[in-house]
Amino acid sequence: MSSRKRSLSPAREMEKLMKKVKKLEERVQAASARLQNKDSLADESSPEHRDPDPSDSSSPVDDSSEKKEEEKVEKKEEEVETEDEEWAEIIGENPKNSGAQITTVKSDLLEIWKFFCTEGMKKEAEEALIAKYVCREEFNAPTLNPQIASIMKESSKTRDRYMATIQKLAGLSLLVIGSIMTNIYDHRDEGVNIIDILTPLKDAGDLLSLIINKQSKNRKAFIEPGLAKESSAILKETSIDEFLYGKDLSGKIKEMKAFSKEADVNVRGLQIHEDVRNKSYTSEAVNSTTKNLSTAEHRPREAEAVRRARQREISSRWQIEILCKQVVGDHG
């Protein structure tokens, strides 16, 4: 078996060093306590506090024995630590330990960016922020080829313009961050004013927050066309939070279902009333047509004319009923 050791990851190495520091702190505390005890014993055994007693068989603390004991404990700890390191090398890193850095953000700044991510920014403020920086050609969104634009539907063009706006915001963010890095590096000797760093950094954060908000709206635009009209009506009343359609979506759906049941009862009542009326119209029309035909049996041409007239009358009444139903539905 090869005796070559694998290099530890930064996270594992940091954990190892912290264990060593903790052990050293414990040893320092223990040594300090022993030193205090030794000083107190020395004071008690001094001639000022105690008369010499030849029969006293007590002896001062043996420093060499304590040192040996400490070395023995230290050696044992190193052996255990070496075994732990070898075991860690064999099994590898714990997948739960991502090693990701834990960042800290001031609460007021976090609230501002959270608002921009969910609610967006006022149009005037957004336009002023974009106009604050001149975007370089390297960061501009690619222009749509005119050959493709000429054969695209207007809805597709609108969607592409929206996506190009998002790309422009991303390009401005890169530009601002790059300028900050350049400014710090170019003035690394004399230093940089902190305001000159934090102000554009805040602008870059605002731009990135807008990108998140616009991408959330873009996701909605792709989801909603594939849903039923009733579902789309519910979703339009929602707002973005930790969920794309809000955490209270379930409550809104329950309200809509209750409203739909009530509306369904009203529609059924209207349908029954309509069926009764249609039945009476049909019965009346048939009876009238039969009567006219019976009186005009010997006149075939007149009988045919009467039949067609009654059919037109029935069709007209049906159309009126359909229009009434639509009007009732629109006002329901």
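Contact means heavy atoms within 4.5 Å. Helices (H or I, at least four residues) are DSSP runs, numbered from the N terminus. The model is predicted: local features need pLDDT of at least 70, side-chain atom pairs count only at pLDDT 80 or more, and totals for chains, interfaces and linings use all residues. Residues are numbered from 1 along each chain as its sequence is written, and side-chain values use heavy atoms, with hydrogens and water left out.

**Exercise 1.** Describe the packing of helix 3 against helix 7.

*Solution.*
1. Two packed helices are described by the angle between their axes and the distance between the axes.
2. The two axes, lines fitted to C-alpha atoms over the stretch in contact, come within 6 Å and cross at roughly 30°; angles run from 0 to 180 degrees between N-to-C directions.
3. On the helix 3 side, the residues that meet helix 7 include W113 and F116; their partners in helix 7 include L201 and I212.
4. By class, this contact has 7 nonpolar, 4 polar and 3 charged residues.

**Exercise 2.** Determine which residues of helix 4 are buried and what they pack against.

*Solution.*
1. In helix 4 (residues 123–131), E126, L129 and I130 are buried, that is, under 20% relative accessible area with a 1.4 Å probe, protein chains only.
2. These residues lie on the same side of helix 4 because they cover an arc of only 95° around the axis, taken from the directions from the helix axis to the C-beta atoms.
3. The buried residues pack against helix 6 (154–186) and helix 7 (194–223).
4. The face turned away from the buried side carries E124 and A131, which are exposed (over 50%).

Notes: Helices (H or I, at least four residues) and strands (E, at least two) are DSSP runs, numbered from the N terminus. Ala, Val, Leu, Ile, Met, Phe, Trp, Tyr, Cys and Pro count as nonpolar, Asp, Glu, Lys and Arg as charged, and the others, Gly among them, as polar.
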